[in-house]
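Please read the following report beside the sequence and the coordinates. It starts with the disulfides and then turns to the cores and a sheet.

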Amino acid sequence: MMDLKLWFSILMVCVITGMAESLILAKDWHINVPSRIPVLQNSCVVIPCVYSYPKTKKILNRFRAFWYKRHTLVASNFEDLTLRPEYLHRTRMGGSIQSGNCTWELYGVRKTDTGPFYFKIEIPQHKSFTFSNNKVTLDIYRVPKPPVMTLEVSNKVTATCKVTHVCPSSPPYISWSRAGTWSTISKQENTWLWSTTSTMTFTPREADFNKRLECTVRFQGRKTAKGSVLVLM
């Protein structure tokens, strides 16, 4: 499981290098969020968000952050607030609001979780702002996409199994139909999309040829997808 602080650091690099998808300027208020994210039903999604507020010489130590779906509160860093039952225990804001991290996570994604969602920040010692013109919509799909596989055969067989996802804190788990040496890495593709790739290596036997090598991907929420490739001499 990836630490959200580490993930946010990576996100900030992407924003600085121009990978940000949307930048809204309202006087001295800025926010950076994607407008749409495709999400597998029952899984989870990390909605990246970076914001900034007008500069001040005041000492600020109180920041209240809120995410809304229309007029319904869905996530907050303010622990005294009670969320509606449909979002209770399904959302989390794990970043430092004071440092500009308004990222939040949604677990157990339902078909009704399309949004659109927007962010509001309250700084009692300074100002408040609602980014109602900068909404995020989730495109929910039910069936996971099959993994992309590659295969190289020489003295050893090297196969890869790759999928994309939107939940770096809970990446999919990839397993293989055959024993061998394998490793898994995750990579950020853009501000909201990640890929997870498993690489399998083994020394082939005669029984391995003209037989399909399979990989199984299990996503958060227990949905699975399978891929296979034929091992040829």
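## The disulfide of Cys44 and Cys167

Cys44 and Cys167 are joined by a disulfide with an S to S distance of 2.0 Å, where a disulfide is a pair of cysteine sulfur atoms within 2.5 Å. The torsion about the S-S bond of Cys44 and Cys167 is about -110°, so this disulfide is left-handed. Because Cys44 lies in the loop between strand 3 (36-40) and strand 4 (45-47), and Cys167 in the loop between strand 14 (157-165) and strand 15 (173-176), the pair ties together parts that are 123 residues apart in sequence. Strands (E, at least two residues) and helices (H or I, at least four residues) are DSSP runs, numbered from the N terminus. Cys44 is buried, with a relative accessible area of 2%, and Cys167 counts as buried at 4%; buried means under 20% relative accessible area, exposed over 50%, and partly exposed in between, with a 1.4 Å probe and protein chains only.

The model is predicted, and for this reason local features need pLDDT of at least 70 and side-chain atom pairs count only at pLDDT 80 or more, whereas totals for chains, interfaces and linings use all residues. Residues are numbered from 1 along each chain as its sequence is written, and side-chain values use heavy atoms, with hydrogens and water left out.

## The other two disulfides

A search of the whole structure finds three disulfides, and, with bonded cysteines counted along the chain, their pattern is 1-5, 2-3, 4-6. One of them joins Cys49 to Cys102, with an S to S distance of 1.8 Å, and it is left-handed, with -80° about the S-S bond. Cys49 lies in the loop between strand 4 and strand 5 (50-52) and Cys102 in the loop between strand 8 and strand 9, so the pair ties together parts that are 53 residues apart in sequence. Cys49 counts as buried at 0% relative accessibility, and Cys102 is likewise buried, with a relative accessible area of 0%. The loop between strand 8 (91-92) and strand 9 (104-106) also holds Gly100, which is buried with a relative accessible area of 4%. Gly100 and Ser52 are 48 residues apart in sequence, while their C-alpha atoms are 5.8 Å apart in space.

Cys161 and Cys215 form a disulfide in which the sulfur atoms are 2.1 Å apart. The torsion about the S-S bond of Cys161 and Cys215 is about 60°, so this disulfide is right-handed. Since Cys161 lies in strand 14 and Cys215 in strand 18 (residues 211-218), the pair ties together parts that are 54 residues apart in sequence. Both Cys161 and Cys215 are buried.

## Nonpolar cores

In soluble globular proteins, nonpolar side chains tend to be buried together. A nonpolar core is here a set of buried Ala, Val, Leu, Ile, Met, Phe, Trp, Tyr and Cys residues joined through side-chain atoms within 4.5 Å. The largest such core has 32 residues, of which Ile37, Val45, Trp67, Trp104, Phe119, Ile121 and Leu138 touch the most other members. Among the elements that give two or more residues to this core are strand 2 (29-32), strand 6 (64-69) and strand 7 (72-76), and strand 10 gives the most, with three residues.

Leaving aside its neighbours within four places in sequence, Trp104 is in contact (heavy atoms within 4.5 Å) with residues including Val45, Trp67, Val74, Arg92 and Phe117. A second, separate core of 18 residues includes Cys161, Met200, Ala225 and Val229.

Three strands form an open, antiparallel sheet in the order 15-18-19, two strands being paired if DSSP finds at least two bridges between them. Strand 15 and strand 19 (224-231) are the edge strands, each pairing on one side only. Strand 15 and strand 18 pair in the antiparallel sense over four bridges, and Thr216 in strand 18 is the bridge partner of Ser175.

## The protein as a whole

The protein has one helix and 19 strands, and 45% of its 233 residues count as buried. Among contacts between residues at least 6 apart in sequence, 61% join residues at least 24 apart. The accessible surface comes to about 12900 Å², of which 52% belongs to carbon and sulfur atoms; accessible areas come from the Shrake-Rupley method with a 1.4 Å probe, and for residues only the protein chains shown count as cover.
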